[in-house]
Every structure is written in C-alpha cells, then in structure tokens.
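This briefing is meant to be read with the sequence and the coordinates at hand. It begins with a question about one pair of side chains and then moves through further topics.

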Amino acid sequence: MAKMINLTIDDKTLSVPEGTLIVDAAKTVGVEIPVFCYHPKMEPAGMCRQCLVEIGRPMIDRATGKPVLEGDGTPKVQFMPKLETACTNLVSEGMVVKTENKRVKDGQREILEFLLTNHPLDCPICDKGGECSLQDLTLEDGPALSRFHFDDKQRQEKNVALGELIFIDRERCIQCGRCIRFQDKIAGEPVLGFYQRGRATDVVTFSDPGFDSVFSGNTTDICPVGALTTVDFRFGARPWEMNNMPSVCDLCSVGCNISYSVRREVRSGGKIVVKRAIPRQNEQVNEIWMCDKGRFAGYQTAESKDRLSLTDEQFSFNVTKAATALKEAKQESVIIVGEKLTNEDLFTLHTLTRGLGAEIFSWSQMGGGEYTRALGLPPGSNLGDLGAGDVIIVAASDVYNEAPIYYLRLKAAASRGATLVVAAARATKLDQFASFVVRYAYGDEVETIKGLEKKDKIGKLISEAKNTVVFFGSDGLGFEGTTELAAACAGYVRSKAGKANNGLVGIWQNGNAQGVWEQGIKPLVNLEKTVKDKVVYIVGANPATDLVNMAVLKGAKFVIAQSVLENETTQIADVVFASQAHTEREGTMVNAERRLQHAFAAVPALSGTKPDCDIAVEIGKACGIKMDVPSVANVLKRLAETEKAFVNISLAAVDKVEEQWPPVGKGEEYYSGTVQENKNGLGAKLAHVSGFISAGLTPAKSGERDEILKAVPVTQLYDHSPEVAVNPNLNDRVGILKIGMNRPTAEKYQVADADTVQLQLAGKSVEATVKIDESITGNVVTYPRNYAGSVSKPTAVELLARLQKASAESMN
Amino acid sequence: MEHFLLRHRDIPDIGKLETYLKHGGFETFKKALTSMKPQQLIDEVKNSGLRGRGGAGFPAGMKWSFIPNNIWPHYVVCNADESEPGTFKDREIMEKNPFQLLEGVALTCYANSANEGYIYLRGEFYQIRNFLDQCIKELETAGFLGKNLFGTDYSLKIKTHLGAGAYICGEETALLESIEGKRGQPRVRPPFPAVVGLYGKPTVINNVETLTNVPLIIERGAEWYRSMGTEKSPGMKVFSLSGNINKPGNYELPLGTTFRELIFTQGGGLPEGRKVKGIMPAGASSSIIRVDDETFDKVMDTPMDYENVQNVGSLLGSASVIVIDDSHDMDWVIHKTIHFFKHESCGKCTPCRDGNYWMMKIVDRIQDGEAVAEDLTLLKSVADQMYGKCLCALGDFSTMAVTSALERFPEDFEKKVTA
C-alpha cells in the first residue's frame with residue numbers, strides 16, 4: 001500500500017499516493033491545470049511551461065530540522081519566488097498549491113500569448129478546431145487581442161507528408177514533443193525527432209519510408225493542436241458535426257475499443273458515413289491507443305463498390321432456395337463460418353446446424369483454440385498489471401505485425417520488469433525489448449518451447465514466476481503447426497489455470513476467432529472431404545481465393561454464400577446473401593484475452609443487406625427450425641444458459657463502465673488527447689472453466705526435417721486482405737510481394753537482395769521480390785499471407801528463375 | 001603580482017609537461033593518492049570557500065559534498081563550453097596552462113571517487129581539444145593517468161568531448177545530454193547532476209577555472225586560499241575585460257578588486273575622449289550598470305565579487321567585464337544580445353523560444369527606425385513576461401540586459417521611436 005500524502009490544492013484538501021504529480025493530483029479533485037507537453041501516459045517534460053502554478057511547501061528550520069510554525073501553530077508555508085510547473089513536481093506532505101490566483105492566471109495567459117505569437121490563424125481551416133487544446137485554453141483564459149505584428153509571424157511549411165499517412169503543418173506545431181516522446185517511449189520506434197533549435201525547431205522523421213511506425217496515427221490523437229493530421233481525415237469534417245459511435249475493431253484478436261466518428265453529408269449523397277476511427281479508452285485492452293491498420297482500414301468496406309445487395313423479393317426467393325437445399329440435405333449439409341462473425345451470428349448458425357443435424361466448421365489457418373478456451377486469461381487478468389516477477393513467453397509470433405497493441409503492452413510489461421521471452425525463427429521488433437530471445441529453425445517450434453524450462457536462466461525464471469502468460473502466434477505455421485504449438489505452450493500454464501494473470505493467449509488472425517472456439521466450433525481441416533457432395537453454407541469466409549479450393553467447392557452439391565462484398569466464393573455460389581458490414585451492425589466478439597466486448601452500429605446499413613444472424617434466422621425458420629431472437633441481449637442470455645464459460649455474461653455485465661485512469665474526454669481534451677471516453681462498456685471476461693480439454697490429435701513428428709525449400713506463411717500487418725485493400729492510402733505500405741530468406745539460402749539459389757524471382761508452389765507460378773533477412777533460421781522463404789499465391793502452411797517451393805536483377809529503384 | 005591560474009605569464013613554457021613537472025606539477029596529485037583520503041580533499045576545498053567560476057558562484061566544496069556514496073559510478077565533468085559573450089578566460093588557461101587544469105580535474109576525480117573525467121569543450125575549440133588530447137596522452141605515458149596510479153588501486157581516465165556550436169551546452173544539464181549523444185537541451189531540475197548526472201549517475205560538474213584552482217588549494221591549503229580575495233568570495237579570479245577598452249584581455253586579480261583597478265589601472269582605460277557609459281560585468285547575461293558622472297565613483301570603487309556588484313544593480317557572473325563607452329546607444333547593445341540569445345535558444349521551452357523571437361522582432365524595428373513608443377512598453381512587457389518562467393537560466397538571463405537597458409537608459413530608446 002503506497003504511502004499517502006496530504007496536500008491542499010486551492011480550497012481542496014486531498015490525500016494521494018506518494019509519487020503522484022501535482023497535475024494528476026489536481027485532476028482527482030476536479031482542478032484542471034492546463035497542459036500541452038504533459039501527457040498522463042508519458043514521463044513529464046516540463047517544456048511548454050503552460051502548467052505553471054504557485055507552490056508552497058512547509059518551512060523546515062535549517063538548524064534544528066524542525067517545522068517552522070505560525071503563531072497559531074499551523075506550519076508556515078514558504079511559497080517559491082517563481083511559478084513552478086505542476087507536471088514535474090511531485091506532491092509532498094503539507095504542500096499548498098494555488099492554481100487560480102492572479103499571479104498563476106497571468107502566468108498561464110502569458111505562456112498562451114507566447115504560443116499564439118507564431119501560431120497561424122488557421123482555425124477556420126484547421127481540422128482540430130472544435131477539439132483543440134490551444135483553442136479551448138485560449139477561449140477560456142487566453143489573451144483576446146494580439147500584440148504581435150502579423151507580418152512578424154514565422155512562415156513555415158504547411159503541408160508536409162511526414163509519411164504518406166500523417167501530415168504535419170509546421171506553423172501550427174507548438175513544439176510540445178508529445179509525438180516524439182510517444183514514438184520513442186511508448187511505441188519504441190523513435191522515427192520522429194526535433195531538428196534545428198530555437199524558433200527554427202521542426203519535427204522531422206528519420207525513417208525511410210517516412211514515419212515508419214504502425215502506431216503513427218496515435219500522434220494525431222495526442223497532438224494538442226492541428227499540426228499532425230491523418231491523410232484520411234484531414235479536411236474531412238468538424239468535430240461538432242460528428243457523432244462518435246462506439247465499436248470494437250475486428251481486424252485482429254486484440255479487440256481494440258474504438259469509436260467511429262460519423263456524420264451525414266451531402267458529399268456522400270445524404271448518407272451517414274464514417275469519417276474516421278479513433279481509440280476509445282479501455283485500460284484493460286488497448287489503453288488509449290490503436291494501430292494504424294484499425295485506424296485507416298476496414299471501415300471503408302461499407303462503401304465499397306463491390307457490396308452485395310438484394311431486393312426484398314430476391315431475398316425471399318433466395319431464402320426459399322437455400323432452405324429447400326438444406327432441408328433436403330439435412331446432415332449432408334455443412335456450415336463454414338469466418339472468424340470475424342459476431343457471437344450472435346455464430347450462435348444462430350450453430351442453432352441452424354443442430355437443427356439440421358449438420359456440421360459446422362470455421363475457415364481458419366490457426367488451431368489451438370481448445371487450449372485457449374480451457375486455459376485462457378481468467379477474469380481479473382490485465383496485461384497492464386504484469387511486471388517484475390512475472391514471465392511472459394511469446395512463441396512463434398511477430399507480435400508487431402500480428403497484434404500491434406500486444407506489442408505495446410508486452411513491451412511495457414518488460415519495462416516494468418517482467419521477464420519477456422521471445423521465441424521465433426526470425427528477428428521481430430519485440431526482440432529489442434525482450435529479456436531473452438530464443439532463435440530456432442522453422443519446424444523446431446514445439447521442441448524449442450518444450451525445451452525452454454530446461455534452459456538455465458529461463459528455466460529458473462519460469463519455475464519461480466509469480467505469474468505466467470504465454471502467447472502463441474502463427475509465424476511460419478498453419479493449422480497443424482499452431483495446434484501442436486498451443487499444446488506445447490499449454491504446459492506452462494496448466495498448473496496455474498484459473499488464477500488471474502495466468503493463461504494462454506492465441507494471437508488469432510481475426511477479431512472473433514476466440515469467440516468461434518468458445519462456441520465449440522473448430523477449423524475445417526480438409527475442405528474437399530468436408531464439402532464433397534454436400535450442401536455448403538459459407539458465411540463471412542472466402543475459401544475460393546485459392547484456385548484449388550474453388551475447384552473443390554465446385555464439387556460440392558450446392559453452395560450458399562453469404563458475404564459483405566462480392567468475391568470469388570460468391571461468384572461461384574448457387575445462392576448469395578448480402579451481409580451488413582462491421583460498421584453497419586451491432587454484435588459482440590471475444591478477444592484473445594477472452595473478453596467479450598460489445599460493438600455498436602456506426603452507420604445505417606446499405607439497403608438490401610441484413611446482419612448475418614438475421615439472415616440465418618430466416619433460413620432456419622424456412623427450414624422449420626426454432627430460432628432464437630438474434631439480438632445481443634437475447635443471445636448473451638442464451639449463451640449464459642448453455643455455455644459454462646458464459647455463465648457471468650449478460651448485456652448489463654458487458655456494457656458496464658467504470659472510472660478509468662487517466663480520465664479521458666470529460667469536457668476537455670488537453671489532458672490526454674482526442675481519445676474517446678468509454679461510456680458504452682468495458683466488456684466482460686468469460687469465466688474460467690476447469691478441466692483440461694484434450695485435443696485428440698496425433699503427436700507431431702519431431703526431429704524429421706528434409707532439405708526441401710519451403711515457403712512458410714508469415715503475417716504482414718498491411719497485406720492484400722479486403723479490409724486493407726479498401727483504403728488506397730495504404731497501398732504504399734502494403735508494397736510489392738516480398739519473400740524473405742537468409743543469405744545462405746540466397747547464395748544456394750544464386751539470388752541477391754531485391755532480385756525478382758519466379759516461384760513454383762502448390763502447382764502455381766508466382767513472381768516475387770527477394771528480401772534478405774539474416775535472422776531467418778532454416779531453409780525457408782517467408783511468404784506473407786493474403787497475397788497472390790499465399791500458402792496456409794509450410795509448403796514446398798521451387799525457385800525457378802531469376803527474372804530480374806536488383807536495380808537501385810526496384811525495391812518498392 | 002604572482003599568477004596562480006595564468007601561470008604562463010610568469011613561466012612562459014609551463015604548457016610543456018616537462019616544465020610543469022619541474023615546478024612541482026602533479027606532486028599534489030601523487031601526495032593526494034598516496035597519503036590523503038578523498039574526504040580530506042573535499043573538506044579542504046569546502047574550507048577554502050572556492051566558488052564556481054562559471055558564473056553561478058556556487059561553493060564548489062558544497063557541490064562536491066552532495067554526491068551520494070551509495071550510487072555508482074561517479075563522474076567528474078569539466079565545463080569548457082565557454083560561450084558567454086565577453087568570456088575568454090578558460091580558453092587562455094587551456095591553451096597555455098593545460099596541465100594545471102588537468103591536475104585539477106584529476107584531483108577532483110579522486111576527491112569524488114570518480115574513475116572517469118570528461119572535459120566538454122565547445123565545438124569551436126577543436127584545436128584546443130586536439131591539444132588537450134595530446135597533453136592527456138603525455139600524462140598517460142608519464143604514468144599520471146591510467147590504471148593503478150602510483151601503486152595505489154586508483155585508476156583514472158580523462159576524456160575530451162567536443163560540442164557542436166551551442167551556447168546552451170554550457171548549461172550543466174544540457175552539457176550532460178550532449179555528452180550522452182542527445183540533443184543539447186536542459187533537463188528538468190530537480191534532480192540535480194550531483195545525484196542524477198551523466199548517464200543518470202552522480203556527477204560533479206565544474207568550470208575550467210574552478211578546477212584549475214584545485215591543485216593550489218590542495219597543495220597550499222584552504223587558509224592560504226582565503227588570504228586572497230574577500231571573506232565571502234576568496235581567491236583569485238581571471239577577469240576577461242573587453243569592449244571599449246585600451247588593453248582588452250584576461251587579468252588575474254584577487255576577488256574584490258574594484259572596477260576602477262581593472263578598467264583603468266590594468267586595462268589602460270578607455271580610448272581618448274571616451275567616457276564609460278555602461279558596464280556589463282557578466283557578459284551578455286548582465287544587467288547593464290549605468291555609469292553617470294554622479295555615479296562614476298560609486299561604481300568604480302565597487303569591489304568585484306559575488307556580493308558587492310549587487311549593490312550597483314548587477315551580478316558578477318563569470319566576471320566577463322564588457323565596457324561600453326558613450327559613443328554607443330544601448331538599443332544597439334541589446335540588439336546584439338537579443339540576437340545572440342534568440343540564435344542560441346534551444347527551443348525546448350515556450351517563453352525563451354517564442355519570447356526571444358518576439359524581442360528580436362521588436363528590437364529590429366527599433367534599430368531600423370520603424371518603432372513607436374508603445375514598442376518600448378511592449379519590449380519591457382515581453383521581457384518581464386519571460387522572466388521566471390523558463391526551463392533554464394538562458395531564458396531568464398536573456399531578459400537581463402533588455403530590462404536593465406530600458407529602465408536605466410530610457411533616453412537612448414526614446415529618441416529611436418516615433419511617439
């Protein structure tokens with residue numbers, strides 16, 4: 001229990017833990033001290049001088065060491081001759097802080113005046129107007145007239161692309177350094193810095209490509225002025241024209257709480273559209289951050305020109321057609337679901353499956369969910385609590401690309417003293433923050449993980465760990481590989497099952513993969529065997545991207561495809577249904593930490609589309625099956641009745657909100673940026689269900705390794721997946737197809753870095769560019785997922801020919 | 001008078017190691033290592049009353065006693081950034097009497113139980129840096145620096161580090177940032193370098209001249225040191241005299257010497273027909289002392305030490321005395337100082353960065369004859385607004401010359417503006 005310090009701020013007495021900064025202490029009693037460079041998630045800088053306050057401390061007699069007392073016995077308080085910054089001063093016993101007297105107010109106003117001297121009169125055209133710290137503070141307490149000659153104002157560049165996603169207006173920048181400090185300390189990617197000094201100080205980027213970080217968008221949230229803006233949103237809309245609709249990102253398994261800012265506009269034909277995505281505070285999931293993929297990608301799907309849509313007549317017709325086929329086939333039907341579907345969709349489809357006596361599978365490249373279902377992080381767990389004495393193992397995952405916010409959380413845990421063991425077959429960005437990096441060759445995942453406890457230092461730390469959390473990903477692995485890996489990882493948490501902050505986390509590739517596993521739905525292993533001569537109902541998945549799979553599906557008896565966008569699967573389907581996009585509908589999802597979270601609709605749905613669960617209900621009813629009302633409230637109630645893990649889940653539990661620190665929103669944005677307050681629910685953890693679920697798999701063939709060159713699938717944050725493709729601003733980040741290999745492999749095949757080569761894999765010929773990565777261990781080429789020719793598991797590959805030698809411009 | 005700091009003026013080739021050793025060089029260091037404890041050195045320097053010669057005048061021995069003995073390692077840094085306009089004393093010491101400085105650094109390292117000493121030089125002193133590197137190499141060869149000196153278990157390495165042209169790197173925490181390879185910008189204080197310094201470890205950082213005093217104090221004792229100078233400001237000081245003066249240069253004199261002695265006796269007075277109009281005793285960071293016929297004697301007879309200069313409305317600082325005669329107007333003078341500070345502002349804090357720019361724009365208008373009377377009020381207001389709010393002393397001191405000039409020489413400004 002931290003020692004408590006008593007102090008007075010203005011007319012309020014308060015007691016806060018030792019080590020609290022005055023500016024934070026003031027926040028707890030509703031005293032707002034203006035800040036620019038200070039941010040509650042970062043170390044104070046004391047640079048902008050906006051938070052100047054008057055501080056008095058009890059006098060101590062130098063000679064006797066005793067407090068000096070006033071006539072009435074109260075401690076004599078000595079006020080400093082100069083104003084001091086509230087953000088750099090810790091509270092001390094008996095301190096008296098004044099924030100509202102003339103001296104302080106004048107001082108703060110004078111700092112504002114200095115900032116405004118070279119600040120351009122851009123409010124009418126500046127994005128930040130309406131949610132701008134400088135604007136708000138000036139209106140509240142700043143100088144009304146300028147004493148600075150307009151012609152003396154320094155002219156600077158106004159439209160500089162730091163990277164193609166983030167623009168800076170140098171005139172507006174007040175040199176607070178928040179963006180630089182965020183990138184350096186929180187993101188761990190110091191790609192921004194100050195250049196020159198004095199009045200000529202500029203924020204520049206040191207990386208090529210510019211501002212090379214997947215967290216760059218967060219700097220636009222914390223920039224107190226309109227200096228940093230995103231390419232998507234700049235000049236988009238005024239904050240007061242927009243409503244912030246609470247949602248949860250579905251692009252990876254972290255489940256960042258976000259808000260979609262929407263407005264109705266003429267430009268979009270009078271429709272309500274999403275203008276931007278910004279983070280919503282959930283200190284137990286994403287804190288106040290989100291990654292650039294979630295910020296820039298996905299929400300444009302709703303407006304894609306490839307949307308499917310059915311008239312009411314078409315819909316009824318298709319329902320009848322689909323139901324007829326399903327009723328006839330009965331148990332000769334199979335339902336295949338995508339991992340981004342909501343719990344309500346899954347529940348409904350599962351009901352349909354049972355009603356037909358059919359089978360249901362997920363379309364996934366990852367296994368191991370039975371282990372995360374049994375050994376996932378129980379209620380009371382928070383990655384933000386991990387620190388010294390705890391052990392975190394990351395197995396076969398490039399966390400930075402697979403779940404960027406986990407990279408932030410794990411990096412932070414390591415900085416608090418947690419032992420972070422990163423085991424991978426190639427170097428990843430998390431390595432530099434790890435306590436131990438364990439390198440193995442692709443194919444040796446399971447032995448390596450099993451062998452961790454036998455290592456000297458790591459083994460000792462594991463055995464003495466207060467808490468153990470193991471993350472597994474899919475770097476170089478497919479379904480079988482990840483299943484075996486998960487089983488190996490499970491061994492480290494089995495004995496602590498059910499204890500908070502202990503458990504297994506699967507870094508899934510989609511937003512509700514954990515939810516799929518929680519409802520007992522497992523991935524499809526053999527498409528051909530599963531669909532041959534069957535009636536296949538595919539919802540939210542696109543198996544036919546692969547030509548082989550497309551041929552296999554054509555061998556099914558009847559294909560019903562349900563999707564948001566037209567794609568290869570819908571094109572070969574016999575019946576097609578039009579789904580609503582993620583931003584158009586409500587639903588719940590379970591993240592990799594087993595937290596069930598509620599996403600709300602942001603925009604009205606395109607006419608002629610329905611939520612996946614509603615469509616399933618209609619089909620089910622047409623099949624004569626009793627279908628539950630697919631509302632969130634009802635489905636959660638039904639899940640609570642039928643699944644042990646959902647026993648504490650209800651709409652009320654999921655939508656419960658709590659006070660969080662730092663306080664966000666609440667009428668001002670200068671403290672923590674334009675992040676949204678979470679007024680709609682922090683989500684609720686699924687219960688721990690004891691009893692280990694056996695996988696029932698044949699054990700891995702260990703030790704066998706052949707010398708055939710293999711292409712192993714790896715995750716790249718920006719790829720050719722449909723969610724990323726809908727935003728052309730991300731095209732440069734996606735880039736051309738690059739396969740990674742180490743130098744010995746390159747030499748063996750006589751290729752060099754940046755060469756273009758022709759590959760033969762799985763019966764197809766593909767062109768790709770070589771990227772030498774010395775850290776890749778094993779006779780492999782890494783092949784990013786969701787590109788043409790991508791593989792779902794390690795696959796034999798032949799390097800046929802070098803088509804083109806590298807030239808100076810050939811990379812990107 | 002015997003020179004103790006500018007010893008080359010008595011012994012011309014004291015800059016050669018051979019000569020330095022012949023005159024007892026490094027005897028004190030050897031004696032300290034073999035027969036004295038570090039605490040004895042700290043006490044001697046404390047008792048001597050030696051005050052920092054870089055401008056702040058903080059008692060050196062007291063600074064050394066702040067070093068905690070439970071955090072390791074300790075570092076000693078010599079501030080050779082000498083960038084205050086009007087200051088050129090450290091340069092002469094390093095160029096002509098380098099070994100006394102190096103012995104001072106070495107003794108200070110031993111006193112504070114540091115095994116590494118750094119000398120941080122401003123970027124423009126690259127030639128001096130090369131020279132010091134040579135001197136250090138000679139000392140290493142001769143066995144005065146290196147491992148297990150004089151058979152004891154004390155090892156010492158001294159390194160030079162070059163800045164890159166920033167006045168702000170003379171500020172002690174900005175200097176430390178620069179050594180660490182970061183942007184030279186001051187840190188938030190507290191904590192102070194004595195506790196959290198170079199690489200986060202306890203660090204003693206002192207000016208060149210301060211450290212050059214140390215061998216003498218250890219050799220001859222605090223009593224001897226106190227026999228020179230005044231009670232509160234003991235010892236010798238190198239005064240850098242410049243401006244409108246016949247014999248500009250460095251003058252080593254006891255603290256407490258009067259302005260009259262320095263300017264007229266030593267400095268040869270002003271050029272023919274000129275009168276003293278103003279004195280800036282602390283370089284560009286001074287409040288300008290006004291000298292009229294009425295106040296001439298009072299100012300001239302003021303002893304130059306850390307206490308008495310306050311009586312004439314200024315501070316001694318680094319004793320970089322700039323004499324301004326009556327052929328100059330004060331707006332011309334502050335035009336120079338403001339440009340200097342605007343150029344050197346590191347830009348970290350708002351009032352210094354934006355305030356200096358603003359002041360520059362106003363004083364440019366005054367100089368160009370485009371200013372109005374309100375501009376004078378505005379200039380004073382901006383300077384007052386900056387004072388007391390900045391992150392470090394640069395910002396505060398950049399206003400001193402401005403505020404004092406406007407207050408004490410109003411006629412110079414009033415004639416430059418239209419009503």
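Which side chain meets that of A:Glu643 in a salt bridge? In this predicted model, the partner is A:Arg373, and the N to O distance of the pair is 3.1 Å. A:Glu643 lies in the loop between helix H20 (632-642) and helix H21 (651-654) of chain A, whereas A:Arg373 lies in helix H9 (residues 369-375) of chain A, so the pair ties together parts that are 270 residues apart in sequence. A:Glu643 is buried, at a relative accessible area of 19%, while A:Arg373 is partly exposed, at 23%.

**Salt bridges within the chains**

- Over all chains, the count comes to 85 salt bridges, and the pairs described below are given as examples.
- A:Arg733 forms a salt bridge with A:Asp212, and the closest N and O atoms of this pair are 3.3 Å apart. The pair links distant parts of the chain, since A:Arg733 is in helix H23 of chain A and A:Asp212 is in the loop between strand E10 (202-205) and helix H5 (217-222) of chain A, 521 residues apart.
- In chain B, B:Lys277 and B:Asp329 form a salt bridge in which the closest N and O atoms are 3.7 Å apart. B:Lys277 lies in strand E7 (residues 276-280) of chain B and B:Asp329 in the loop between strand E9 (320-325) and helix H13 (330-344) of chain B, so this pair ties together parts that are 52 residues apart in sequence. B:Lys277 counts as buried, at 13% relative accessibility.
- Salt bridges that share partners also join A:Asp122, A:Arg155, A:Lys158, A:Asp169, A:Glu171 and A:Arg172 into one network.

**The interface of chain A and chain B**

- Contact between the chains involves 32 residues of chain A and 31 residues of chain B, and the two chains bury about 2700 Å² between them, with 54% of that area on carbon and sulfur atoms. On the side of chain A, the residues that lose the most area to chain B are A:Phe114, A:Arg147 and A:Arg197, which together account for 29% of what that side buries.
- The count between chain A and chain B is 5 salt bridges, one of which is formed by B:Asp354 with A:Arg199, where the closest N and O atoms are 2.4 Å apart. Across the same interface, 22 residue pairs are found in polar contact, with both residues at pLDDT 80 or more.
- Helix H2 (102-117) and strand E9 (192-195) of chain A each supply at least two residues of the side of chain A that touches chain B, and H2(A) gives the most to that side, with 7 residues. By residue class, the side of chain A that touches chain B divides into 12 nonpolar, 11 polar and 9 charged residues.

**A buried glutamate without a salt bridge**

- B:Glu82 lies in the loop between strand E1 (74-80) and helix H5 (89-96) of chain B. B:Glu82 is buried yet has no salt bridge, and the nearest side chain of opposite charge, that of B:Lys89, is 4.8 Å away.
- The side chain of B:Glu82 does reach backbone nitrogens, namely that of B:Lys89 at 2.9 Å and that of B:Arg91, which lies 3.0 Å from a polar atom of the glutamate side chain.
- Neighbours within four places in sequence aside, the contacts of B:Glu82 include B:Phe88, B:Arg122 and B:Phe125.

**Two further buried residues**

- A:Asn727 is found in the loop between helix H22 (722-725) and helix H23 (731-734) of chain A, and A:Asn727 is buried, with a relative accessible area of 2%. A polar atom of the A:Asn727 side chain lies 2.9 Å from the backbone nitrogen of A:Asn729, and beyond four places in sequence A:Asn727 is in contact with A:Asp232, A:Phe296 and A:Gln300.
- B:Pro98 lies in helix H6 (residues 98-111) of chain B and is buried, with a relative accessible area of 0%. Not counting residues up to four places away in sequence, B:Pro98 touches B:Gly15, B:Ile93, B:Phe131, B:Leu132 and B:Cys135.

Key: Residues numbered from 1 in each chain as written. Chains lettered and ligands numbered in written order. Predicted model: local features only at pLDDT ≥ 70, side-chain atom pairs only at ≥ 80, totals over all residues. Heavy atoms only, no water. Contact = heavy atoms within 4.5 Å. Buried area = accessible area lost by both parts, 1.4 Å probe. Salt bridge = Lys/Arg side-chain N within 4 Å of Asp/Glu carboxyl O. Polar contact = N/O pair within 3.5 Å; in protein donor to acceptor, adjacent residues only side chain to side chain. Helix = DSSP H or I, 4+ residues; strand = E, 2+ residues; numbered from the N terminus. Nonpolar A, V, L, I, M, F, W, Y, C, P; charged D, E, K, R; others polar. Buried < 20%, exposed > 50% of the residue type's maximum accessible area, 1.4 Å probe, protein only. Lys, Arg positive; Asp, Glu negative; His and termini not counted.
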